[in-house]
Amino acid sequence: MYTFKFQPNAPVQNNGIGFLKVSTSPVIPFPEEITNEITLGDGTKIVRHTGIYSDIDIKVECNYIAETREKYLAYKNAIDRYFGDKQGLLELSEDRAHYWKVKNVSIDAGQRALKRATDLTITFTCDPYRYFKEYSQPVAFVTGEKTIFNNFYEPSYPIYKIYNDSSNAKTITITNNNKSLTITDPFKGRSISAEEGEKKQEVLYLELDTYWNTLKTVYDGSYEYQTIKTSGSFADIRLGTGINEVIVNIDLGSCRVEVQREYREL
């Protein structure tokens, strides 16, 4: 029996899609490299490899049975709601060691057939890389400790999460193999308007995403994206193939740090 699991980025309150059955084994296409072909004056063609790969489409053929019109509409609504965010993580029973990052979801619904199986095709447009489940749990350490990440795979784009355990800190510096990115006033709170007047929001943690090059400041009940606080390059704190010596330093006190490694392969 073939199965899949889709975890939307935006949580869904009612995620009951257990009525969907996978009809056939999904085909996982090989990633294709984007190349540039140049024709010289004598007609000779040269192919230049970019090292960049196109997104892949994973098509999952499904079906479900609706005995009544009301149940059909309920199922359709559940499908639309569950896949509405169109982004998230995909797992397939054919490859239990990996998951895929989904960039878009499209659904091609077949003809409705009451009391018989209604077919539909769900197309997941994914990052071309497969991500390792065994490395999906974050690695935790504290500031001032050097941590070695030995990446045997493709260069990865880790996510750093730094918790506010030292609210008076003025700078935090993340260093990987002697290259650094610095955050100034990392845990400076903000004031927002509320019914009772000005309300101070404290910073809970920071999240640096080296894929999107973003700094997300998470407050109690809200968040915002900022890059003005950073100096240095996000690329310098990515985890390249081989040994990465990472240390997070803070000018005052200490903080808990988590790193989502995001190890991947084609």
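**View 1. Strands β7 and β8 pair in the antiparallel sense over seven bridges.** Within this pair, Ile107 has Ile122 of β8 as its bridge partner. The model is a predicted one, where local features need pLDDT of at least 70, side-chain atom pairs count only at pLDDT 80 or more, and totals for chains, interfaces and linings use all residues. Residues are numbered from 1 along each chain as its sequence is written, and side-chain values use heavy atoms, with hydrogens and water left out. Strands (E, at least two residues) and helices (H or I, at least four) are DSSP runs, numbered from the N terminus; two strands pair if DSSP finds at least two bridges between them.

**View 2. β7 also pairs with β6 and with β9.** Look for β6 (residues 88–92), antiparallel to β7 over four bridges, with Leu90 opposite Trp100 of β7. A hairpin of two residues links β6 to β7. With β9 (residues 130–132), β7 forms two bridges, again in the antiparallel sense; here Tyr99 stands opposite Tyr131 of β9.

**View 3. Glu262 sits in the loop between β22 (256–260) and β23 (264–265).** Is Glu262 buried or exposed? It is buried, because its relative accessible area is 6% (buried means under 20%, exposed over 50%, partly exposed in between, with a 1.4 Å probe and protein chains only). Leaving aside residues up to four places away in sequence, Glu262 touches Tyr99, Lys101, Tyr131, Ser156, Tyr157 and Pro158; contact here means heavy atoms within 4.5 Å.

View 4. Tyr72, Tyr75, Ala78, Ile79 and Tyr82 of α1 are buried. An α-helix has 3.6 residues a turn, so residues three or four places apart point the same way. The cover over the buried residues of α1 includes β1 (4–8), β5 (56–65), β7 (95–109) and β8 (117–126).

**View 5. Six strands make an open antiparallel sheet in the order β10-β22-β12-β17-β18-β19.** At its edges stand β10 (139–142) and β19 (223–226), each with a single partner strand, so one side of each has no neighbour in the sheet. Inside the sheet, β17 (residues 203–209) and β18 (residues 214–219) pair in the antiparallel sense over six bridges, and Leu206 has Thr217 of β18 as its bridge partner.
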